[in-house]
Amino acid sequence: MGSGHRDKMQLFAIIRTGVARARMAALLQNQILIMSSPEKIVIASRESQLALWQANFIRSRLLELYPQTDITILGMTTKGDQILDVSLSKIGGKGLFIKELELALEDGRADIAVHSMKDVPMIVPSGFRLAAITEREDPRDAFVSNDFTSLEELPTGSVVGTSSLRRESQLRARFPHLQVRPLRGNVQTRLRKLDEGEYSAIILAAAGLKRLELGYRISMLIPPELSLPAVGQGALGIECRDNDPDMVEWMKPLHHATTAYCVEAERAMSRVLGGSCQVPLGGFAEIFEGVLTLRGFVATPDGSKIIADKLCGKPESGERVGEQLAQNLKTHGAEEILAALA
C-alpha cells in the first residue's frame, strides 16, 4: 500500500471521526435542551393575521427544540391596531404595537413577545430585553398593483398608498408625478383597498406578503437602491423580561447571528439619529465575504432633500458602524433635517 493511499485512508478516518463527534455534540446539546426545557411558555402577540403567523412560526420552532413544553399564544389588540384613521407618525409611532405586549410580559401573563423588528423602538424599555433576532426574510419593499408591473409604468397622477414616511419620501423624490396617500390597516385590509380601486398601487413589505403566502400579489420587488428598507425589516425579534435568564437561554437557539449583526447596525444608526415614525429614515445592512455594508438615509417628508451614505466594517462591530454612519449623515446635512422635524 502506497503512502498516498495510507494518507487518504487516514484523512477519511479523521473526517469520519470529526463528523461522528459533531453529531454526538449535536445530540448531547439537544438532550440538554430537552432536559432543561420549560414546562410552559406563553407567547404574547398582536391578533393580526401576520402577527399570529409570526407567533405560530416561533411556536413551531420552539416545539422542535422543546417538544415536552406547553406553548400557547396570547392574542392581544394593541392601540396601534385600533387607531386606523390616522397615520402612525401622528399618534406616537410603531411603539403603539408593542406596549400592550410588554404589559403582558410585565404582569406575568406572557413569557415572551414576538415582534417585527421594524416595529421595535430603538431603545428597549428598562426591564425588558431582546433575547433573539431570527433569520431575516426578504427585506425589500414590494410594489403591488392590479394594473401595472412597476413604479415606472404608473401614469402621472396615479395614487400610491403607503404607511411610512420612509417610503413616501423616496417615492416623492424619484416619482414626483405620482400622488402618495396614507394607507393603514393589516395586510388584507390594504390589499382590499387596492382591489376596490382606492389606489393604483400600494407599497408593502415583501416579508409579510411572503409569510402569508401572498407573494403572488407582488408585481415587483423594489431594489434597495430605489427604496431603502426600514431598519430591521424582514426580521423577527423575541422580547422577554430582563430578569428571566432561563427564558433568555431557552431562546438562544433561535438567534441568527448574521441577521443580528445587520439589524444591530441598522438600529444603532437609527438610535443616534432619533429614528421613529416621525422621521423619514431608512437603514439596511448586508454581509458579503465577511464585510458588513450599511447604507442609510434621512430625508424631508416631501423627498426634496435626501442625505444618504454608506459605511463598511466588521460584522461584529456593526453597532459602531451604525453609530459612525449616523454621525456622517449628520455632518452631511441630516442634522438640519432632524432639527426641522423635531
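Where is Glu-289 found? Glu-289 sits in the loop between β11 (281–288) and β12 (291–299), where strands are DSSP runs of E with at least two residues and helices are runs of H or I with at least four, numbered from the N terminus. The model is predicted, so local features need pLDDT of at least 70 and side-chain atom pairs count only at pLDDT 80 or more, while totals for chains, interfaces and linings use all residues. Residues are numbered from 1 along each chain as its sequence is written, and side-chain values use heavy atoms, with hydrogens and water left out.

**Positive phi**
- Most residues other than glycine have a negative phi.
- Glu-289, not a glycine, has a positive phi of about 50°.
- Glu-289 is exposed, with a relative accessible area of 71% (exposed is over 50%, buried under 20%, partly exposed in between; 1.4 Å probe, protein chains only).
- Glu-213, in the loop between α8 (206–211) and β9 (220–222), has a positive phi of about 60°.
- The relative accessible area of Glu-213 is 68%, so Glu-213 is exposed.

**His-115**
- His-115 belongs to strand β3 (residues 112–116) and counts as buried because its relative accessibility is 3%.
- The side chains of His-115 and Glu-239 are joined by a polar contact of 2.6 Å (a pair of N or O atoms within 3.5 Å; within protein, one must be able to donate a hydrogen and the other to accept it, and residues adjacent in sequence count only if both atoms are side-chain atoms).

**Lining of the largest cavity**
- Helix α6 (residues 165–174) supplies the largest share of this lining, four residues.
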